[in-house]
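Please view the structure before reading on.

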Amino acid sequence: MLDWLGSGTLSIFAFILVMGFVVIIHELGHYWAGRMCGVHADAFSMGFGPTLFSRTDKLGTVWKVSALPLGGFVQFRGDANAASAPDYETLEQLRSEHSDPDSVLHFKPVWQRAFIVAAGPLANFLLAIVLFSILGVMNGERVIEPRIGVVEEGSAAAQGGFQPGDLVTEINGSQISNFNSIREYVATRANQPIRFTVERDGAPVELTVTPDRTMRPDGLGGERAVGFMGVGVSQDAQVQVVRPALWEAPIYGVTRTVDTTGTIISYLSRLVTGRASTEHINGPVGIATTAGQLANLAVSDGGATQSIGLLTRLERLFVVMLALSALLSVGLGLMNLLPIPVLDGGHLVYYAYEAIAKRPPSPSVQEMGFRLGLGLILAMFLVATWNDLSYLRGQFL
């Protein structure tokens, strides 16, 4: 049985497993793209901080595991740090002394540098496609007809005109076919008007609902502030499990990855324009908490009258870890594509400027950009950590 691990140990194990897996794939994307372009990697690190153990391969790359399992990096020849900022003093020495300048990242043509930088996020999207494909074949997707059965009295849905029996067909002009899509769409849109199209008595009806911001159970033992409109699914709603055939799995994986990417981009765009709250941003503490909650939920009996066998628990844990890894992989890929210096997207902005202007930004401009980018990342980290701790404080009260 898995009970001997304890919930805390299982939480830590789940977090390290999922984060380590997703980060390693991301960094391997950079590494292999660099190898394809003939760039030498000085170091490949899983984690940050003091080195726990390491080894050097025959190519001279130091592979190491570090104490803080919150990320990782590949440091190519000529990099000043883990963010691949150029070390100009070292580059001058390499330019004049090194016998193989073609192995230096910053001496490569701009398109090769862009390819190496973009390969990390690309690896994450490819991983998500593979994982979603596996999940589709193993578990399928439970699709619940979006037919309304309950409209809470005095709720936002009631004020907006919803009635039992309504079949929701569109949300803000986008077609939906799953009741879960309503909850997911509304969750991050508290206090924002949402247009619904419902089918009522065979005719389309347009409704506008402004969800309330409400503390609701998250199904993992805690509560989160979400948009809530107050509808429940009809008992007469059709339910089916859509499981793609093996040859359809890649298409299913691509579709799920695109949908997840679109959801995150929509939230980020609304965040930038002030139409979404920062309270939905989570950091490492939140990821660790969620990973632990899901892992413990997967291996628990869940109040079953009969104890669940070890193989069943392991299968449930495997599925949960795959699903969380797929979601985090998309999130990590998109996060790194943000046009912020220090992140991959910031490097791509610099390379785009170089491709157009035929020269790179000046060292002072790049240095200023990296400092501003680092400050912005730290600010986002503080906001995310505050949200994570606020959630935990609510659990422990």
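## Where H3 meets H6

Phe125, Ala128, Ile129, Phe132, Ser133, Gly136 and Val137 in H3 are in contact with Ala249, Pro250, Tyr252, Gly253, Val254, Arg256, Thr257, Thr260 and Thr261 in H6; contact means heavy atoms within 4.5 Å. Helices are DSSP runs of H or I with at least four residues, strands are runs of E with at least two, and both are numbered from the N terminus.

This is a predicted model, where local features need pLDDT of at least 70, side-chain atom pairs count only at pLDDT 80 or more, and totals for chains, interfaces and linings use all residues. Residues are numbered from 1 along each chain as its sequence is written, and side-chain values use heavy atoms, with hydrogens and water left out.

## The crossing

Two packed helices are described by the angle between their axes and the distance between the axes. The axes of H3 and H6 (residues 249-272) come within 7 Å and cross at roughly 120 degrees. Axes are lines fitted to C-alpha atoms, for helices over the stretch in contact, and angles run from 0 to 180 degrees between N-to-C directions.

## Arg113

Arg113 lies in H3, which covers residues 110-138. Arg113 is buried, with a relative accessible area of 8%; buried means under 20%, with a 1.4 Å probe and protein chains only. Beyond neighbours within four places in sequence, Arg113 is in contact with Leu105, His106, Lys108, Tyr351 and Glu354.

## The whole protein

The protein has 10 helices and 12 strands. Of its 397 residues, 41% count as buried.

Terms used: Buried < 20%, exposed > 50% of the residue type's maximum accessible area, 1.4 Å probe, protein only.
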